[in-house]
Amino acid sequence: MSNQSRIRLESVSKCWGATAAVDNISFDVTPGQFVILLGPSGCGKSTTLRMIAGLEEASDGHIHIGERDVTRLPPGDRGLSMVFQSYALFPHLSVADNIVFGLRSRKVPKEEQRQRLAKVAELVDLTDYLNRKPAQLSGGQRQRVALARSVISEHPICLMDEPLSNLDARLRSDMRREIKALQKRLNMTVIYVTHDQVEAMSMGDRVILMQHGKIVQDDSPDELYNRPASAFAASFIGSPAMNLLPLVAGENGAVIEGEPSTPVAPMEAAGGHLGIRPEDIELSTTSAPGVPAMVVSDEYLGADTIAHVTVGSHTVRVRMNGKHALAGQPCRLRWASQHAHLFGSDGLRRDDITPHALPNAPRAVPRPPAVGSFQH
């Protein structure tokens with residue numbers, strides 16, 4: 001693909017008075033990549049997208065598209081299209097007129113408009129709806145009209161700002177697959193903003209996780225899930241999220257706060273946190289070795305059960321296949337040391353310390369693709 005669809009941000013900031021909405025971020029998107037900007041509300045992801053689009057002006061830094069510095073260029077000169085959360089359709093125009101509106105504004109010949117409309121309508125399965133008004137369409141169909149309007153422009157870059165948040169869960173699932181398939185077929189460069197980790201993990205080639213206007217981790221979905229760079233990244237990705245347990249100094253090493261009997265890491269890990277995914281914990285109600293705990297409640301979800309277990313003064317979530325009714329029972333918890341994560345007092349990942357192997361801990365097995373452990 002042409003280098004014209006490469007996007008590069010260099011030390012970009014956006015300030016509102018004394019408040020930095022986006023704080024000195026840099027990243028490089030290669031042509032044909034599907035990149036997700038992920039994070040909680042107010043983290044700066046939509047502001048970043050709007051600066052790339054030219055809808056907000058960067059306070060500092062440079063934005064390049066291809067070989068051009070577009071930092072001060074108006075949106076129409078940047079060679080990209082955008083899909084909004086609100087669809088932004090004209091209610092008085094037909095589906096066909098909504099889709100070709102941009103082509104008419106650019107004085108594209110009518111015959112070319114007709115050809116491109118027919119091709120794009122077939123691509124997004126709207127051929128039978130071209131004469132309808134937006135009010136006569138479902139939410140998913142309206143979102144497809146917004147996508148078609150973006151695709152027909154034939155810009156190699158598409159920016160998407162939470163385009164599926166107005167749809168119900170089942171439609172979101174369908175549209176995720178459609179958007180990803182469309183992006184691959186057209187080899188578009190896509191930057192997609194969402195706060196939904198399921199969208200991020202299932203659609204992105206790469207996820208840029210943001211917090212307080214800064215980039216926390218820029219990685220593949222698999223790395224983000226299996227090697228979170230911080231306690232924030234660990235807690236934001238996963239459903240249920242990773243268990244994060246405070247560590248304090250014990251007699252023979254760092255122990256979970258309130259549970260002094262079982263050292264789980266070397267002494268230098270005290271003051272930080274131990275992180276374990278719910279699916280990586282093995283729960284036993286026998287007197288097997290492990291960290292002593294008590295099952296408080298269990299949540300049956302059909303394919304699996306989430307047990308809520310107390311360890312010391314903290315609650316741990318354990319995912320178990322099938323149906324289990326264990327509430328009120330004492331138990332033991334074990335995990336493979338390869339599946340334990342250590343975070344320092346600053347919240348950052350520590351790879352310089354190896355967690356302890358618990359007695360008779362389950363053998364670590366290769367984890368299935370990260371998306372498989374997500375539920376909507």
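Tutor: The structure holds 18 salt bridges. The model is predicted: local features need pLDDT of at least 70, side-chain atom pairs count only at pLDDT 80 or more, and totals for chains, interfaces and linings use all residues. Residues are numbered from 1 along each chain as its sequence is written, and side-chain values use heavy atoms, leaving out hydrogens and water.

Student: Why is the pair K180 and D205 called a salt bridge?

Tutor: The term requires a side-chain nitrogen of Lys or Arg within 4 Å of a carboxyl oxygen of Asp or Glu. The closest N and O atoms of K180 and D205 are 3.1 Å apart, so the pair qualifies. K180 lies in helix 5 and D205 in the loop between helix 6 (197-203) and strand 9 (206-211), so the pair ties together parts 25 residues apart in sequence. Helices here are DSSP runs of H or I with at least four residues, strands are E runs of at least two, both numbered from the N terminus.

Student: What makes K180 buried or exposed?

Tutor: Buried means under 20% relative accessible area, exposed over 50%, partly exposed in between (1.4 Å probe, protein chains only). K180 has 14%, so K180 is buried. D205 has 32%, so D205 is partly exposed.

Student: How do you know whether R72 is buried or exposed?

Tutor: R72 is at 52% relative accessibility, so R72 counts as exposed. Its side chain meets that of E57 in a salt bridge (3.5 Å, N to O).

Student: Why is helix 4 called largely enclosed?

Tutor: 12 of its 14 residues are buried, so helix 4 is largely enclosed by the rest of the structure.
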